[in-house]
Amino acid sequence: MISRKIGIVLLALASISITSCSNDSESDLLDLPDGNPDNGDLVTYSNDVKSIIDSNCLGCHSSPTRNGAPFALINFSQVSSRANSILTAMSRANGTPAAMPPSGKLPQATIDIIDQWIKDGTQE
C-alpha cells in the first residue's frame, strides 16, 4: 500500500517535471550575452559601463592613481576617450602584459558590454 502511494507520487512528480519544460521556442529566449538589453536600448556609460569601471578599475585608476596606473578612469570623459584601449586590455588573457584588471580577466559577458557600448557610440 505504501509503495503504491510512493509510486503515484513519483509518477505525478515526473509528469509535472516533463510537462513544465516542454516549450523550447527560440522566440522565448533572451539573447543578452553581449549585454545589450533585448528591448533595443543602447548600452550607455551611466546605465551599464560605469558600474563595471567602478567595480574593476577604480582600485588603481582613481584620482590620484595607485599601483602605477598611468591615468584615472573616474568619469565619462576619461573612460570614453580610452574606450578602445580599455576593451583591448580587458580582452587580453590572464598573465599577458597590460591585461586588465590585474586580478584576472573579467567574464566575457562583462567585456561584451564594453564592446557593445563602443559599437553603440560610447553614449553617456
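A residue counts as buried when its relative accessible area is under 20%. The model is predicted, and the residue numbers to select run from 1 along the chain as its sequence is written.

Start by selecting Tyr45. Its relative accessibility is 4%, so Tyr45 counts as buried.

Tyr45 and Phe76 make an edge-to-face aromatic pair, with 5.5 Å from centre to centre and 65 degrees between the planes. Tyr45 belongs to helix α2 (residues 45–56) and Phe76 to helix α3 (residues 76–81), so this pair ties together parts that are 31 residues apart in sequence.

Keep Tyr45 and select Trp117. The ring centres of Tyr45 and Trp117 are 6.2 Å apart, and their planes meet at 40 degrees, so this pair is tilted. Here, too, distant parts of the chain are linked: Tyr45 sits in helix α2 and Trp117 in helix α5 (residues 108–119), 72 residues apart. Trp117 is buried, at a relative accessible area of 1%.

Now show Tyr45, Phe76 and Trp117 together: they form one aromatic cluster. How many aromatic pairs does a search of the whole structure find? It finds two.

For the last stop, select Phe71 and Arg82. The charged end of Arg82 sits over the ring of Phe71, at 4.0 Å from the ring centre.

Technical notes:
Predicted model: local features only at pLDDT ≥ 70, side-chain atom pairs only at ≥ 80, totals over all residues. Heavy atoms only, no water. Phe/Tyr/Trp six-rings, centres within 6.5 Å; stacked < 30°, edge-to-face > 60°. Helix = DSSP H or I, 4+ residues; strand = E, 2+ residues; numbered from the N terminus. Buried < 20%, exposed > 50% of the residue type's maximum accessible area, 1.4 Å probe, protein only. Lys NZ or Arg CZ within 6 Å of the ring centre and 35° of its normal.
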